[in-house]
Amino acid sequence: MPSYDPQNIFAKILRDELPCYKVYEDDKVFAFLDIMPRAPGHTLVLPKSPARNVLDVDPDDLAAVSKVAQKIAKAAMTVFNADGITVQQFNEGAGGQVVFHLHVHVIPRKAGVAMKPAASEKEKPEVLAGHAAKLAAALKG
Ligand code: AMP
């Protein structure tokens with residue numbers, strides 16, 4: 001497996017070199033909205049420590065990410081009036097991974113509504129900002 005590349009786009013977001021629509025942060029975990037959401041509220045949950053994917057992540061960081069993914073899933077059910085949640089996580093190109101800093105997708109779902117194809121359409125900035133603010137507020141409350 002190739003080594004971790006500190007120039008990957010999520011590493012730049014974590015270093016605040018690129019903007020994001022932040023949803024949650026603690027000492028180990030950072031979460032922000034996917035800019036090409038497969039459904040409204042599609043959130044990415046990352047460890048702050050460098051890890052390419054599930055194959056090299058520290059197990060404690062993976063546990064911390066999982067706990068936050070669950071918190072976000074529960075909050076998203078209410079905020080996005082969802083009927084369910086899809087959780088996805090891809091490893092290496094053959095496993096569907098495109099950005100090589102570990103991330104878990106938390107995707108609110110409505111009954112009978114298919115997810116958009118991955119990375120198919122950029123959402124409007126004002127929509128993403130509104131969704132991030134609502135989800136962040138629910139997670140604080
Ligand atoms: P994957 O590595 O296959 O799990 O997918 C990477 C995900 O990152 C895709 O869902 C993209 O829409 C998303 N993405 C790519 N660039 C950005 C970005 N700058 N901010 C937020 N999400 C992004």
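Student: Which strands does helix H2 (residues 59-79) lie across, and at about what angle does it run to S3?

Tutor: Helices (H or I, at least four residues) and strands (E, at least two) are DSSP runs, numbered from the N terminus. An angle here runs from 0 to 180 degrees between N-to-C directions, with axes fitted as lines to C-alpha atoms, for helices over the stretch in contact, and contact means heavy atoms within 4.5 Å. In this case helix H2 lies across S1, S2, S3, S4 and strand S5 (104-109), and its direction makes about 160° with that of S3. Helix H3 (residues 125-140) also packs on the sheet, where it touches S1, S2 and S3 and runs at about 25° to S1.

Student: What kind of model is this, and how are its residues numbered?

Tutor: This is a predicted model, in which local features need pLDDT of at least 70 and side-chain atom pairs count only at pLDDT 80 or more, while totals for chains, interfaces and linings use all residues. Residues are numbered from 1 along each chain as its sequence is written, and side-chain values use heavy atoms, with hydrogens and water left out.

Student: How many helices and strands does the chain have, and in what order do the elements run?

Tutor: The chain has 3 helices and 5 strands, and from the N terminus on its elements follow the pattern α-β-β-β-α-β-β-α. To judge the overall packing, one takes the radius of gyration over C-alpha atoms and compares it with the globule rule, 2.2 Å times the number of residues to the power 0.38. The radius of gyration of this chain is 14 Å, close to the 14 Å that the rule gives for 141 residues, so the chain is as compact as a globular protein of that length. The C-alpha trace spans about 40 × 30 × 25 Å along its principal axes, and, of the contacts between residues at least 6 apart in sequence, 64% join residues at least 24 apart.

Student: What is the strand order in the sheet, and which strands are at its edges?

Tutor: Two strands pair if DSSP finds at least two bridges between them. Here the 5 strands form an open sheet with antiparallel pairing, in the order S1-S2-S3-S5-S4. Strand S1 (22-25) and strand S4 (84-88) are the edge strands, each pairing on one side only, and the twist from one strand to the next averages 20°.

Student: How does S2 pair with S1 and with S3?

Tutor: S1 and S2 pair in the antiparallel sense over 3 bridges and form a hairpin with 3 residues between them; lysine 22 has phenylalanine 32 in S2 as its bridge partner. On the S3 side, strand S2 (residues 29-33) pairs with strand S3 (residues 43-47), again in the antiparallel sense, over 5 bridges. Alanine 31 stands opposite valine 45 in S3, and leucine 33 has threonine 43 as its bridge partner there.

Student: How many residues of S2 are buried?

Tutor: Burial is read from relative accessible area: buried is under 20%, exposed over 50%, and partly exposed in between (1.4 Å probe, protein chains only). In S2, 5 of the 5 residues are buried, so the strand is largely enclosed by the rest of the structure. Val29, Ala31 and Leu33 are buried on one side and Phe30 and Phe32 on the other, leaving both faces covered. Over the chain of 141 residues, 40% count as buried.

Student: How many aromatic pairs are there, and which residues form the cluster?

Tutor: Rings of Phe, Tyr and Trp (its six-membered ring) pair if their centres lie within 6.5 Å; planes under 30 degrees apart are stacked, over 60 edge-to-face, and the rest tilted. The count comes to 2 aromatic pairs. Phenylalanine 10 and phenylalanine 32 have ring centres 5.3 Å apart and planes at 80°, so their pair is edge-to-face. Phenylalanine 10 lies in helix H1 (residues 9-14) and phenylalanine 32 in strand S2, so this pair ties together parts 22 residues apart in sequence. The rings of phenylalanine 30 and phenylalanine 32 have centres 6.1 Å apart and planes at 55°, so that pair is tilted. Phe10, Phe30 and Phe32 form one aromatic cluster; phenylalanine 10 is buried at 9% relative accessibility, phenylalanine 30 at 7% and phenylalanine 32 at 3%.

Student: Where do aspartate 16 and asparagine 81 lie?

Tutor: Most residues other than glycine have a negative phi. Aspartate 16, in the loop between H1 and S1, has a positive phi near 65° and is exposed, with a relative accessible area of 66%. Asparagine 81, in the loop between H2 and S4, has a positive phi of about 50° and is exposed at 55%.
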